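Dear colleague,

I am passing on a structure that I would like you to look over, with particular attention to its aromatic rings and to one of its sheets. My notes follow directly after it.

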Amino acid sequence: MDLKRIYKSSKTYIVLLIIAVALLLFTTSMAYKQIMRMQESADMVAHTLRVYNAIGDLTSHYSKADSEEFRNEILKNKAANSTIAAYKQEGKTVINNLEFLVSDNESQRAHLKPLKALLNSLYSQLTNLDSITYTSNAVPFEIRENQKSKINKTLFDIRGIKNRMQKQEENLLKKREIVYKSHKSTAPIVLLVLAFFALFVFIISFYKIYLNKLEIRKSEFFLKTVLNTTDNIVNYYEPIFDAHNSNHIKDFKIVFANNRNYDYLGLQPKAITGKTFTETFPFLVDNGDFDKLVKSYKENQKVELDREVIVKNKKMWFYTLVTPLLNGILITSRNATYEEKTKAAQLELKKRLEKQNLELLDNRAFLGNLFKSISHVVMHFKSIRDKNNAIIDFEILFVNDKINPITSDIPSEIKNKKTSEIFPGIFNDGVFENLVQAIETQTPITYEVPYYENGYEQWFKATAIKLGDGVTVTTVDITEEKKKSDQLIQLNERLSVQNTIFADAERLAATGSYIWDIDDDVSELSDNYYRLLGCEPNEFKLSFKTYRSFIHPDDLQEYDKKGLEIAKNKRIEEHTYRIITKQGNVKYLKTNGQFIKKNNKTVVVGVVQDVTDVVEFENKLKQSNDNLKFQNTFLEDAEVLGKMGSFRVNTTNNSSEISDNIYRMLDCKPHEFAPTPKAYFTFVHPDDLSNFKKNINKILVSKTFKPFRCRIITKNETVKYFKFTGHFDTYNEDEYLFGLIQDVTDDIKAEAFLKLKNRELTRSNAELESFNRVASHDLQEPLRKLQLFVSRIEDREGDQLSEKGTVYFGKIKNAVTRMQALISNLLTYSRIDSTKKDFEKVNLNQTLDKVKDDLADRIKEANAFIIADKLPKIKGVVFQVEQLFTNILSNALKYKSTNKAPKVQIVYKKVSASELPKHIIKESKKYHRISFIDNGIGFDSKHSKKIFEVFQRLHQKTEYSGTGIGLAICEKIVENHNGYIFAKGEVGVGSEFVVYFPA
C-alpha cells in the first residue's frame with residue numbers, strides 16, 4: 001500500500017491523524033478498562049483466599065479447645081490462668097483479622113457477632129473448668145464432665161457458624177473465579193481486535209498495550225508464586241535507598257510475608273509486614289546475608305544462602321534462594337533441618353564405614369601377601385565406557401609384584417592409569433577384544449599372547465574373568481612350555497589338567513591342589529597340600545581312607561555324605577570342612593573341583609584353601625555381636641535391679657535423653673513426657689528444688705560433676721531419694737554430660753536404721769564394759785576371800801574337821817576354782833575384738849613352739865606326742881592365734897584316751913576358696929587349711945556345731961574339768977581373722993579340728 005499519496009494530502013493526513021488519535025484513545029480506554037477488571041477480579045480472588053485462610057485459623061483456634069490434652073493442661077497446670085489468657089489473645093487476633101477481611105461483606109459481618117459471643121462463652125467455660133481443682137475429692141466427677149459438655153456444645157455452635165462462613169466464601173470464590181476467567185478469556189480477544197486496527201494506524205498504541213499486558217503477566221506470575229510456595233518461607237522485599245546517595249541501599253522493606261514465618265520463626269506475617277529487614281532479622285545482618293541481598297538486587301542475580309538459625313533454643317537450618325523480582329527481591333527459604341540431621345547421621349555412619357574399611361584393609365593386606373606368594377601375574381582392570389556405553393579402555397586398579405620382572409613396571413606407579421598408556425600393545429594383538437568379551441558375555445576367557453622385550457620373545461597364558469564392571473586377569477609364563485612343545489606332546493593331557501587346576505585355584509585363591517582317581521582310590525597332592533595337613537611333601541601315600549583320618553570327627557558324617565554325592569552325581573560343589581593336622585591343630589579347608597578325562601579315565605581335579613582365619617574371624621564377629629546384644633539386655637536388667645537409670649545431655653544444643661527405667665522410677669511410662677529441664681523440675685521436691693537448680697548450674701559452669709542427692713515426688717506422689725552422678729565428655733565436637741540416677745531411698749532408710757542400731761550397740765558396749773569391770777574386780781573379790789578363808793580354816797582347824805567336813809571343804813575349793821576359771825574365760829571371750837584389724841605377720845611355727853612350751857608340763861605328764869607339718873605365715877593378731885592353738889591342744893590333752901598315749905598331728909595344706917562352705921564370705925581365692933587331729937575319746941559328729949556354743953559341754957563337770965567356753969573363744973578368734981573352723985569326730989577314735997585362714 002502506497003501511503004505517500006495519502007501523506008501528500010493534508011486533509012487526508014488530518015483525517016488519518018484524527019482517526020489514529022480516536023482509535024488510539026478508544027483502544028487505550030478499552031484496554032485500560034479490561035485490565036482494571038482483571039486486576040479487580042484477581043484482587044477479589046486473593047481477598048477471598050485470605051478470608052478462607054482466616055476461617056482456617058479460626059478452626060485451628062477452637063479445635064485446640066476441643067483437645068483433651070489442652071483441657072488436661074488447664075486442669076493440671078498451676079499457671080492455667082496465663083494459658084487461658086494467651087488462648088483468649090489468640091482468639092482476639094483471629095476475630096480482628098476476620099473483621100478486617102469481611103468489612104465489605106455484610107452477610108459475613110452478621111456471622112461475626114454471634115461468633116464473638118460464643119467465643120467469649122468458650123473462654124468463660126474454660127476459666128470455670130480451670131477453677132475446678134484437679135486433685136480435689138470434694139468436686140464430683142460429674143461436675144467436670146458437665147462443664148466439658150457445655151464446652152463441647154459451644155464448640156458445636158462455633159463450628160456451625162464457621163461452616164456457614166466457609167461455605168459462603170467457597171461460593172463467593174467460585175463466582176469470582178468465573179468472573180476472573182471470563183475477563184481473562186475475553187481480554188486477549190478484545191485486545192487482539194483493537195490492536196489489529198491500531199497496528200496499521202499507530203504502532204505506539206500497540207506497544208503501550210503490550211507493555212501493560214506484560215505487567216499483567218508479571219502480576220499474575222507473582223500471585224501464583226506466592227500462593228503455590230506455601231511450604232516454604234516466602235517473603236518479598238523492596239529496597240530502601242539512602243536519601244543522600246540514591247545508589248546506596250541502606251535497608252529493605254518487608255512488603256509481603258507468608259504464614260511460614262510464624263510456623264518456623266514465631267513471627268506473625270502481619271506484624272512484620274511494613275517493617276525493615278534489619279529490624280526484623282537483626283541476626284542475619286552481622287553474618288553478611290544483608291550484603292548478599294543487596295548484591296542480588298543490584299546485579300539482578302540469584303543468590304543461594306545456607307544458614308543455621310536458633311529459634312526457641314532449637315537449631316534449625318534453612319536453605320534460602322534470593323531471586324530478583326520486579327522492583328525488589330523474592331526470598332524463598334526451605335526448612336532443611338531434617339536434611340542436616342540426616343547428614344549428621346550419615347556422618348556417623350561414614351565413621352562406622354571407615355572403621356569397617358580399616359578391617360577390610362587388613363583383609364586386603366592378607367590378600368596382597370597371598371598375591372605376592374604366587375608366581376602368577378594378577379591384574380584387575382575397571383572398564384572405561386563412552387557415551388554409548390561401549391568399552392573403549394580400562395583403568396588399572398590392581399597389579400601384583402610379579403609384573404616387575406616381565407615389564408619392569410612398578411605396580412604402585414601404574415596403578416589408576418589407563419591400559420592404553422601402559423600396555424598399548426593389547427589393542428593390536430587381540431587382548432583388548434578378549435577382555436571386552438569376558439565382560440560382555442560374563443564368561444571366563446582364556447587366551448595366549450606373546451610379549452617382546454629387547455628382542456626376547458615370551459609367551460603368556462592368561463585367564464580373564466568378569467568382576468563387577470571390570471575384569472580380573474591372571475597370567476602365567478608359558479615360554480618354556482612353548483619352546484618344548486614338540487618334545488612334550490605326550491604330556492599335553494597333564495598340562496590340560498594343570499591348567500584346569502590353575503583356573504579353579506585362581507577363582508578360589510587356592511593354596512593347594514589334588515588329583516583323585518575315584519576308581520583306583522589313588523590321589524596326588526601338591527606339596528603345599530601336604531603342608532596344610534602338617535606333613536612333609538609325599539610323606540604318605542594318600543587314599544580316601546588315609547585322608548579320612550584327618551577329617552574332624554564332628555564333620556565325618558557330612559564329609560562321607562559329600563563323597564557319596566560326588567561319586568553318584570559326578571559333580572563337585574564348593575564346601576568347607578574341618579581337619580585335624582598331624583600336630584593336632586584344627587583347620588578349616590574350603591574345596592572345589594571338577595571331573596575330567598585323563599588317560600581314558602575319569603578323575604577329580606580340584607583345589608583347597610585354608611580359610612581358618614576367615615571362619616574364626618566370622619565366628620568372633622558373630623560372638624561379639626551376640627555379646628553386645630547380651631550386654632544391652634544385661635544393662636537394661638541391671639538398671640531395673642539396681643534401681644538406677646542413665647541420662648545423656650548434649651550441652652551444645654541443650655537436648656537430652658533418659659533411659660526407660662528413669663521413667664519407671666518416676667512411676668511413669670517410658671517416653672511419657674519430653675526429657676526437658678522444665679519437665680524434670682516438676683518432679684523435684686519443693687524443699688529441694690532451689691538446691692537442685694544450684695547444683696545443676698554449678699556442674700554446668702565448673703564442668704565437674706560432684707554426686708548429690710535430692711528428694712523426688714513421683715507421679716503417684718511417692719517421695720523418693722535420688723542420687724545423681726555423672727561426668728562430661730566430647731563426642732562429634734559436641735559436649736555431653738553422661739550420668740546415672742539411682743534410687744537410694746532404701747539406702748537412706750537403711751542408714752537411719754543403722755544409726756539407730758549403732759546407738760543401741762554403743763549402749764550395749766558400755767554395758768559390756770561395765771560388766772567386764774564387775775567381772776574382773778567385784779566378782780573375783782568374794783572368790784579370793786573365800787579361797788583365803790578356806791585356806792586358813794584348813795591350815796588351822798583342818799585336823800579337827802570330820803571326814804564329811806573335809807569333803808565339803810574340797811567341794812567348796814573346786815567350786816571357787818571353777819568360778820574363777822569361768823570368769824576368766826568369759827573375760828577372754830568378751831575381750832576378743834572383732835573390729836581389731838591391726839594384723840601383722842604371724843609365724844605359726846613359732847606360735848606352735850611357744851604354746852608347746854606353755855603346755856610342756858601337761859604334755860610331759862600325759863606322755864603326749866605332737867607332730868606338725870611346716871606351717872605358713874599368716875596375717876593376724878599374735879596373742880589371739882596363741883590362744884587358739886592353746887585351747888585346741890589343751891582340749892586334745894584333756895580328752896585323751898585312757899588306754900593309749902595321746903598323739904596330736906597338725907597337717908597343713910594350701911587350698912582353693914571353693915573348698916569352704918557356700919555360706920562363708922570368701923575374702924581370698926586361696927586359704928591355709930590347718931588340721932589338728934588327735935586320738936582321744938572323740939565325739940559324735942552330730943554335736944560338731946554344739947561344741948562351739950558358749951557353756952555347751954558334752955560331759956558332766958565331774959568327768960572333765962572346764963567351763964564350756966574354750967571352743968567358743970576359738971570360733972570367735974577364727975572369725976575375727978576372716979577364717980572358718982569346724983570339727984568332726986568319731987567316738988573312741990578321735991577328733992579333728994580344721995581351721996582355715998586367708999592366704
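A residue is called buried here when its relative accessible area is under 20%. In this model, which is a predicted one, Tyr237 is buried, as is Phe277. The ring centres of Tyr237 and Phe277 are 5.6 Å apart and their planes stand at 65°, which is over 60°, so the pair counts as edge-to-face. Because Tyr237 belongs to strand S1 (residues 233-241) and Phe277 to helix H10 (residues 277-280), this contact ties together parts that lie 40 residues apart in sequence.

The rings of Tyr980 and Tyr996 are arranged as a stacked pair, because their planes meet at 25°, with the centres 6.3 Å apart. Tyr980 sits in strand S26 (residues 980-986) and Tyr996 in strand S27 (residues 990-998), 16 residues apart, and Tyr996 is buried with a relative accessible area of 4%.

Across the whole structure the search finds 31 aromatic pairs. One aromatic cluster is formed by Tyr514, Tyr529, Tyr530, Phe540, Tyr547, Phe550, Tyr559 and Tyr577. Separately, Lys693 lies over the face of Phe681, at 4.9 Å from the ring centre.

As for the sheet, five strands make up an open, antiparallel arrangement in the order S7-S6-S10-S9-S8, with strand S7 (391-399) and strand S8 (445-453) at the edges. Seven bridges join strand S6 (residues 377-385) to S7, and Lys382 has Glu395 in S7 as its bridge partner. Helix H16 (residues 431-441) lies across S6, S7, S8, S9 and S10, and runs at about 85° to S7.

Methods
Residues numbered from 1 in each chain as written. Predicted model: local features only at pLDDT ≥ 70, side-chain atom pairs only at ≥ 80, totals over all residues. Heavy atoms only, no water. Phe/Tyr/Trp six-rings, centres within 6.5 Å; stacked < 30°, edge-to-face > 60°. Helix = DSSP H or I, 4+ residues; strand = E, 2+ residues; numbered from the N terminus. Buried < 20%, exposed > 50% of the residue type's maximum accessible area, 1.4 Å probe, protein only. Lys NZ or Arg CZ within 6 Å of the ring centre and 35° of its normal. Pairing = 2+ DSSP bridges. Contact = heavy atoms within 4.5 Å. Axes fitted to C-alpha atoms, helices over the stretch in contact; angles between N-to-C directions.
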